[in-house]
Amino acid sequence: MLSSRMALRRLQRIAVAPLSFTSGATTKVQRDMSTLPRVYVTRQIPSEGLKILQDSGQVQFELWDSDDVPVPRKELLQKVKGVDGLLCVLTEKIDAELLDAAGSNLKVVSTMSVGFDHLSLEELKKRGIRVGYTPEVLTDAVAELTVALLLATSRRLIEATHEAKTGGWGTWRTLWLCGYELANSTVGILGLGRIGVAIAERLAPFKVKKFIYTDVAPRPELAKAINAEYVTLDELAKQSDFLSVCCALTPETKEICNTNLFSKMKNTSIFINTSRGGVVNQEDLYEALSTGQIAGAGLDVTVPEPLPTSHPLFTLKNCVILPHIASASYSTRNAMSALAANNLLLGLRSQPMIKELKL
C-alpha cells in the first residue's frame, strides 16, 4: 500500500503524461478551448487536483470557488447543465434530479471521496455514466485518526483537558479520570478492509491480546496480515473491549450499530466510528452511553453533518465527537484531489480510470 505522499507523486507523474485523442485533431482542439469537454467542479478542491485539470489542456472547467460553503443546490442544478464531466465531493447529492438537469452529455462523475453513499448508483448505471472515486490514498490518514480518537476516548483526554482548564484539577486522586488501556485487550473491527487492517497494524504495538472482525463473509487474506479471527456480529459485540467501525454505508449496514449491538457489549467497552454516521442509530448510542451500557464512544462521523450543537450526544462527557476530519492531512487531501482529477480526465477519454467504481 502506498502512503499518501508516494501516491501523490505517482499521480502527479500520471497527470503530466501526454494525453492523446484517437482522432488527429488534438492541436486544433487544444487551440479552441470552446470545443473541449466541459467540467464542473463543485468545490475549491486542493491545489494538486486543480493544477492537473489546468495543465492537462483537455477540459474547460468552472468551479464553485469556496471551501467553506457548499454550492447551493439551486446553483448546482444550473451549473451542471450540458457538462461532460462532474468532479464533486461528498456534500453534493448526485441523484436523478441532478442527472436530469445535467442532461445526456454527462459521461463521468468523479468524487473526491472513498464513500459513495451520496451517489445514486442505480441512476448512474441506468444512464451509462462512469464513476471515479478515491480509495486507498486516505488509508493511512484515517487509520491514524482512528487510533488518536480511540486513545482520546478511552483515556478521557478531552474531559481531562477541560478539567485542567476550568479548575477541576485539584489534589491527586486514586481513581479520578481513570480510563481503559489497550494492553491485553480484544479489539473488534466491523468491516475488515484496508483501513481496518491499517488500524490493527497501528494498535498491535500497544500489546493488544487479540483482534477479531466481522464482515459479510470471512476475509482470510486480509485477516492473516493482522492475525484476526472471524466472528459473528453478536460475538464481536460481546468480546470487544474496543470496537472500531470501518464498514461502508449500504442498505445492509444502515444503523447496524443499534440497541441490539450495544446491549451485548461490555460496560467497559469503547465504541469508535470513523466510517459513516448512518451506520449508527444515534438515539440508541445516546441511551447506551447515558445509562452506562458502554463506557465511551468516539465519533468522527454523524447524522447529520454538522451535528447540531444542541444534540444530546454533546452533553455526554463519555462521547468525543470530531467534525469528520479522518482524512484531513495535507498530503492525503492533495492525493485525493489529484486522483479525482486523473479519474475524471481518463474517464472523459474513455480510458480506464485509476480507481473506478464498478456499477
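Glutamate 75 lies in helix α4, residues 73-79. Helices here are DSSP runs of H or I with at least four residues, strands are runs of E with at least two, and both are numbered from the N terminus. Glutamate 75 is partly exposed, with a relative accessible area of 30%. On this scale, buried means under 20% relative accessible area, exposed means over 50%, and partly exposed is in between, with a 1.4 Å probe and protein chains only. From C-alpha to C-alpha, glutamate 75 and proline 218 are 45 Å apart in space, and 143 residues apart in sequence.

Before I continue, a word on the model. It is a predicted one, in which local features need pLDDT of at least 70 and side-chain atom pairs count only at pLDDT 80 or more, while totals for chains, interfaces and linings use all residues. Residues are numbered from 1 along each chain as its sequence is written, and side-chain values use heavy atoms, with hydrogens and water left out.

Let us turn to serine 66, which is placed in the loop between β2 (60-63) and α4. Is serine 66 buried or exposed? It counts as buried, at 16% relative accessibility. A polar atom of the serine 66 side chain lies 3.1 Å from the backbone nitrogen of valine 69. That is a polar contact, defined as a pair of N or O atoms within 3.5 Å; within protein, one must be able to donate a hydrogen and the other to accept it, and residues adjacent in sequence count only if both atoms are side-chain atoms. Leaving aside neighbours within four places in sequence, serine 66 is in contact with Arg43 and Gln44, where contact means heavy atoms within 4.5 Å.

Helix α3 covers residues 47-56, and its buried residues include Glu48, Leu50 and Leu53. Just after α3, glycine 57 takes a positive phi of about 65°.

Serine 4 belongs to helix α1, residues 4-16. Which residues does serine 4 touch, once neighbours within four places in sequence are left aside? They are Val137, Asp140, Ser331, Thr332 and Ala335. For one of these, aspartate 140, the C-alpha atom is separated from that of serine 4 by 7.4 Å, although the two residues are 136 apart along the chain. Serine 4 counts as buried, at 8% relative accessibility.

Next, the aromatic residues. How many aromatic pairs does the structure hold? There are 3. Rings of Phe, Tyr and Trp (its six-membered ring) pair if their centres lie within 6.5 Å; planes under 30 degrees apart count as stacked, over 60 as edge-to-face, and the rest as tilted. Phenylalanine 116 is partly exposed, at 24% relative accessible area, whereas tyrosine 133 counts as buried, at 17%.

Why is the pair of tyrosine 213 and tyrosine 230 called edge-to-face? Their ring centres are 5.4 Å apart and their planes stand at 65°, so the pair is given that name. Because tyrosine 213 lies in strand β7 (residues 210-214) and tyrosine 230 in strand β8 (residues 228-230), the pair ties together parts 17 residues apart in sequence. Tyrosine 213 is buried, with a relative accessible area of 2%, and tyrosine 230 is partly exposed, with 34%.

Threonine 302 sits in the loop between β11 (296-299) and β12 (319-321) and counts as buried, at 9% relative accessibility. A polar atom of the threonine 302 side chain is 2.8 Å from the backbone oxygen of proline 304. Apart from neighbours within four places in sequence, threonine 302 is in contact with Gly277, Gln282, Leu307 and Ile321.

Finally, helix α14 has 19 residues, 330-348; at 1.5 Å a residue it should span 27 Å, and its end C-alpha atoms are 27 Å apart, which agrees. The expected span is 1.5 Å times one less than the number of residues. Helix α14 is mostly covered, with 17 of its 19 residues buried. Just after α14, serine 350 takes a positive phi of about 60°.
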